[in-house]
Amino acid sequence: GTGPLAGIEASMKAASLPYIFVFGGDMPWLSEKIITAQALNFLDDRPEVLVPRTGSMTEPLHAIYDCTLHSSLEKYLRSGGKPAVRDFIALSRVRYFDLPSTDEIMKAFTNINYPEDLPGNEA
């Protein structure tokens, strides 16, 4: 019942490096170019979470997380905190990676949850 936050917590626990890149399993068109730019931006000034943002849209499931958050995330989940990723990262030192709203970027952040979400399968 804790959704993606439980996956983020498990990833942090299993990580052999100090940071993890998290992405949604329903995002089939990830962009190496965007991820590389995001990683380089993260290394410039390492927040606890780096979340991409286009306009007012944020994508916490295409983000870089510092694994030092593991213990606080584990406590948050055990205390019954809300399962929304946005609620947890609001308690963290988050920085936004601003991107323009281009077709390439919007495609990279597209979620495919149902067959009708695929291009050409619209109802």
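The legends below go with a set of close-up views of one predicted model.

In this predicted model, local features need pLDDT of at least 70 and side-chain atom pairs count only at pLDDT 80 or more, while totals for chains, interfaces and linings use all residues. Residues are numbered from 1 along each chain as its sequence is written, and side-chain values use heavy atoms, with hydrogens and water left out.

**View 1. The whole chain, to get your bearings.**
The protein chain has 5 helices and 5 strands, where helices (H or I, at least four residues) and strands (E, at least two) are DSSP runs numbered from the N terminus. Read from the N terminus on, the elements follow the order α-β-α-β-β-β-α-α-β-α. The C-alpha atoms fill a box of roughly 45 × 35 × 30 Å along the principal axes. A compact globule of 123 residues would have a radius of gyration near 14 Å, and the 15 Å of this chain agrees with that; the radius is taken over C-alpha atoms, and the globule rule is 2.2 Å times the number of residues to the power 0.38. Of the 123 residues, 35% count as buried; buried means under 20% relative accessible area, exposed over 50%, and partly exposed in between (1.4 Å probe, protein chains only). Among contacts (heavy atoms within 4.5 Å) between residues at least 6 apart in sequence, 74% join residues at least 24 apart.

**View 2**
Two strands pair if DSSP finds at least two bridges between them. Strand β1 (residues 19-23) runs antiparallel to β4 and is joined to it by 5 bridges, with Val22 standing opposite Ala63. Strand β2 is also antiparallel to β4, through 2 bridges; here Leu50 stands opposite Ile64 and Val49 opposite Tyr65.

Follow β2 and you will find it mostly covered, with 5 of its 6 residues buried. Strand β5 (residues 94-98) runs parallel to β2 over 5 bridges, and Pro52 stands opposite Phe97. Strand β3 (residues 57-58) pairs with β2 in the antiparallel sense over 2 bridges, and Arg53 has Thr58 as its bridge partner. These two strands, β2 and β3, form a hairpin with 2 residues between them, and Gly55 in the turn has a positive phi of about 60°. Thr54 belongs to β2, which spans residues 49-54, and is buried at a relative accessible area of 6%. Beyond its neighbours within four places in sequence, Thr54 is in contact with Leu99, Pro100, Ile105, Met106 and Phe109.

**View 2. Two nonpolar cores.**
A nonpolar core is a set of buried Ala, Val, Leu, Ile, Met, Phe, Trp, Tyr and Cys residues joined through side-chain atoms within 4.5 Å. The largest one has 17 residues, and those with the most contacts inside it are Leu5, Ile8, Met12, Tyr65 and Leu73. Two or more of its residues come from each of α1 (3-14), β1, β2, β4, α3 (70-78) and α4 (85-89). Apart from this core lies another of 10 residues, including Phe42, Ile64, Leu99 and Ala108. Which residues does Ile8 touch, leaving aside its neighbours within four places in sequence? Ile8 is in contact with Ile20, Val22, Leu61, Tyr65, Leu73 and Val85.

**View 3. Helix α3, with a buried face.**
The buried residues of α3 are His70, Leu73, Tyr76 and Leu77. Seen down the helix axis, these fall within an arc of 125°, so they line one face of the helix; the arc is that of the directions from the helix axis to the C-beta atoms. Their cover includes α1 and α4. On the other side of α3, Lys75 and Arg78 are exposed. Just after the helix, Gly80 takes a positive phi of about 85°.
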